[in-house]
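Me: I would like to go through this model term by term. Please set each value against its cut-off.

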Amino acid sequence: MPPVGRDTGQDPLFGPGGRIPAVQAVTLTRPSGIAVLRAGWLTRHTLAMAVLTPVIFTGYAAALGTGLGDPAWDVLLGAMSLVAAMILTTYLPLRGQGRATAASCSLMAGLLVPGAGVLLSQGAGIAGGAMALAILILGLLQRVSGTSACG
């Protein structure tokens, strides 16, 4: 026997009129780290890159000791010095940002720059240089992504 006084139509299970209301999640659109870096890039960042790149190249060449003049080493040291200069340049405040606090987690990527020089001085050959470049690229990705190294 059908219930008296009740609507015999089936209400939808989900939705505004349903037995289980649906909730729409709020999503935040967060710009990528590269977009933030490009939007906040100033002249001082360009000058820092122009000054730091040859200085770091000279330091890495001195740490290497031998191999300068070999085209493979020149390209590898050039790439390493560009990535290392970019890591250090990301520590300059971007347009519209104040001074950042110097937490040990945010300084870790900056410590990879001299760490790559130490790896070059070990004399592991071109494989050691490629590993140092890979470590620098990971440090740059950590700086650009904005994620903390502390977890």
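Me: Start with H2. How do you know that its length fits a helix?
Reply: H2 has 22 residues, and at 1.5 Å a residue they should span 32 Å. The expected span is 1.5 Å times one less than the number of residues. The end C-alpha atoms of H2 are 32 Å apart, so the two values agree. Helices here are DSSP runs of H or I with at least four residues, strands are runs of E with at least two, and numbering starts from the N terminus.

Me: What should I keep in mind about the source?
Reply: This is a predicted model, in which local features need pLDDT of at least 70 and side-chain atom pairs count only at pLDDT 80 or more, while totals for chains, interfaces and linings use all residues. Residues are numbered from 1 along each chain as its sequence is written, and side-chain values use heavy atoms, without hydrogens and water.

Me: Which residues of H2 are buried?
Reply: They are His-45, Ala-48, Met-49, Thr-53, Ile-56, Tyr-60, Ala-61 and Leu-64. Buried means under 20% relative accessible area, exposed means over 50%, and partly exposed lies in between (1.4 Å probe, protein chains only). Just after H2, Gly-65 has a positive phi of about 85°.

Me: Why is Thr-66 called exposed?
Reply: Its relative accessible area is 61%. The cut-off is over 50%, so Thr-66 counts as exposed. Thr-66 sits in the loop between H2 (43-64) and H3 (71-89). Its C-alpha atom is separated by 9.7 Å from that of Ser-121, 55 residues apart along the chain.

Me: Why is Trp-73 called buried?
Reply: Trp-73 has a relative accessible area of 9%. That is under 20%, so the residue is buried. Trp-73 belongs to helix H3. Between the C-alpha atoms of Trp-73 and Gly-125 there are 9.5 Å, with the two residues 52 apart along the chain.

Me: How do you know that H5 has the span of a helix?
Reply: The same check applies. The 20 residues of H5 should span 28 Å, and its end C-alpha atoms are 28 Å apart, so they agree.

Me: What makes Gly-129 and Gly-139 buried?
Reply: Gly-129 has 0% relative accessibility, so it is buried. Gly-139 has a relative accessible area of 3%, so it is buried. Gly-129 lies 8.5 Å from Met-80, C-alpha to C-alpha, across 49 residues of sequence. Gly-139 lies 6.8 Å from Leu-112, C-alpha to C-alpha, across 27 residues.

Me: Is Leu-141 buried or exposed?
Reply: Leu-141 is exposed, because its relative accessibility is 53% and the cut-off is over 50%. Leu-141 lies in H5 (residues 126-145).

Me: What makes Ile-137, Leu-138 and Leu-141 a patch?
Reply: A patch needs residues with over 30% relative accessible area and no salt bridge; nonpolar side chains (Val, Leu, Ile, Met, Phe, Trp, Tyr) are joined within 5 Å, like charges within 9 Å. A salt bridge is a side-chain nitrogen of Lys or Arg within 4 Å of a carboxyl oxygen of Asp or Glu. Together the three residues have about 300 Å² of accessible area, by the Shrake-Rupley method with a 1.4 Å probe, where only the protein chains shown count as cover.

Me: Where does the charged end of Arg-143 sit?
Reply: It sits over the ring of Tyr-91, 3.9 Å from the ring centre. The rule asks for NZ of Lys or CZ of Arg within 6 Å of the centre and within 35 degrees of the ring normal.
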